[in-house]
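Biologist: I am new to this structure. Please take me through some of its charged pairs.

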Amino acid sequence: MDILKPKLVWIEGRCYRQLPIRKTEIEHEEDEFIQPMKPQIRRDEDFEDTDLSVKHQGDKFFIVITIPKELIKFIIGSKADISITGKSVSSVVRAYHRIENIVEDVRWRVMEYTHFISIPMNDENIIEKYLKFKDDVLRTCRGSTGISEQIFISPAELHLTIVMLTLLTKREKEEAAAILQKTRNEILQLLDRKPLQIEIKGVEYMNDEPEEVRILYGKVQEKENNNCLQIIANKLADTFSMSPLGRKEASDDPNNVKLHVTLMRGKPGVKGYREPFDASQILEKYANYSFGQTTVSQIHVSIRFTSGKDSYYKPFYVLEL
């Protein structure tokens with residue numbers, strides 16, 4: 001498409017530019033999370049009855065739709081608010097939903113994740129055993145391809161990722177915090193006043209060849225074996241993915257969040273991909289290695305690419321359990 005002559009789309013007598021969308025390769029904290037394209041919203045556009053706040057002025061109807069500033073350029077102009085005017089409620093509603101569809105489509109095809117729901121795993125006990133694991137691997141496996149100190153995760157950043165989020169405005173961030181807060185009573189009821197104790201034990205990898213690993217992670221298991229952590233993770237992932245803010249990742253088991261703590265990841269390579277490393281010795285030697293136990297006491301809305309006073313990701317919101 002000629003950028004100087006973009007395709008034009010007419011909606012209710014107004015002309016909009018349909019700009020080309022170009023994706024960029026950006027490195028993620030969690031390379032196993034690939035930026036997805038969330039299905040475009042589909043709504044019945046042929047109805048007069050709507051819960052939208054369409055206003056009436058003279059012989060016309062209008063509504064204002066607020067667009068995150070990062071997405072407004074894909075619609076038209078530079079203002080965050082777009083006023084839609086038409087001769088009937090249905091025409092205004094149709095235009096509203098069409099613009100909303102464009103916004104949601106761009107959000108998931110172009111914008112990068114900004115936040116994620118996380119459970120910190122930076123307990124002192126776990127950090128101590130993780131550092132022992134790191135030192136031992138560097139001492140005994142340094143001859144393996146790609147093994148170096150740079151591929152180990154910072155111990156202060158050890159965590160469980162539950163679901164990735166794209167929060168572009170203050171309102172969206174506050175909405176994410178409110179969604180998380182609303183799950184508190186259900187989580188506490190599930191736990192029945194008992195502590196949620198888990199252990200990181202054993203290692204596994206994300207792809208098929210142990211000699212060509214890009215992500216090595218610690219396996220997570222509950223001490224009481226009552227599956228509470230999995231239920232909580234699934235509930236959070238489902239809740240956020242049903243909102244426009246989050247995205248449940250595709251996996252071999254679509255009904256369950258993959259519970260894991262990333263320990264090692266390959267060095268950044270070309271086009272955003274990480275270089276593989278040989279983890280065959282590690283997988284054999286540490287198949288049953290215990291990285292320690294911890295009690296889950298918090299769930300965070302974490303901000304990507306940040307570091308707080310404790311060197312963990314800065315939280316926008318913390319849910320205390």
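Biologist: Which residue forms a salt bridge with D136, and how far apart are the closest N and O atoms?

Modeller: Note that this is a predicted model. Side chains of opposite charge can pair when their charged atoms come close. A salt bridge needs a nitrogen and a carboxyl oxygen within 4 Å. D136 meets that cut-off with K285, at 3.0 Å.

Biologist: Where in the chain do K285 and D136 lie, and how many residues apart are they?

Modeller: K285 is in helix α7, residues 280–285, and D136 is in helix α3. The pair therefore links distant parts of the chain. Their separation is 149 residues.

Biologist: Is D136 buried or exposed?

Modeller: Buried means under 20% relative accessible area. K285, at 46%, is partly exposed. D136 has 13%, so D136 counts as buried.

Biologist: Which residues are linked with D136 in a network of salt bridges?

Modeller: One partner is already known: K285 forms a salt bridge with D136. The network holds another residue too. Linked with D136 are K285 and R139.

Biologist: Which residue meets E149 in a salt bridge?

Modeller: E149 lies in the loop between α3 and β7, and its partner is in helix α3, so the pair ties together parts 15 residues apart in sequence. The N to O distance is 3.4 Å, and the partner is K134.

Biologist: How many salt bridges does the whole structure have?

Modeller: Another one joins E199 and K223, at 3.3 Å. A search of the whole structure gives a total of five.

How values were computed: Residues are numbered from 1 along each chain as its sequence is written. This is a predicted model: local features need pLDDT of at least 70, side-chain atom pairs count only at pLDDT 80 or more; totals for chains, interfaces and linings use all residues. Side-chain values use heavy atoms; hydrogens and water are left out. A salt bridge is a side-chain nitrogen of Lys or Arg within 4 Å of a carboxyl oxygen of Asp or Glu. Helices (H or I, at least four residues) and strands (E, at least two) are DSSP runs, numbered from the N terminus. Buried means under 20% relative accessible area, exposed over 50%, partly exposed in between (1.4 Å probe, protein chains only).
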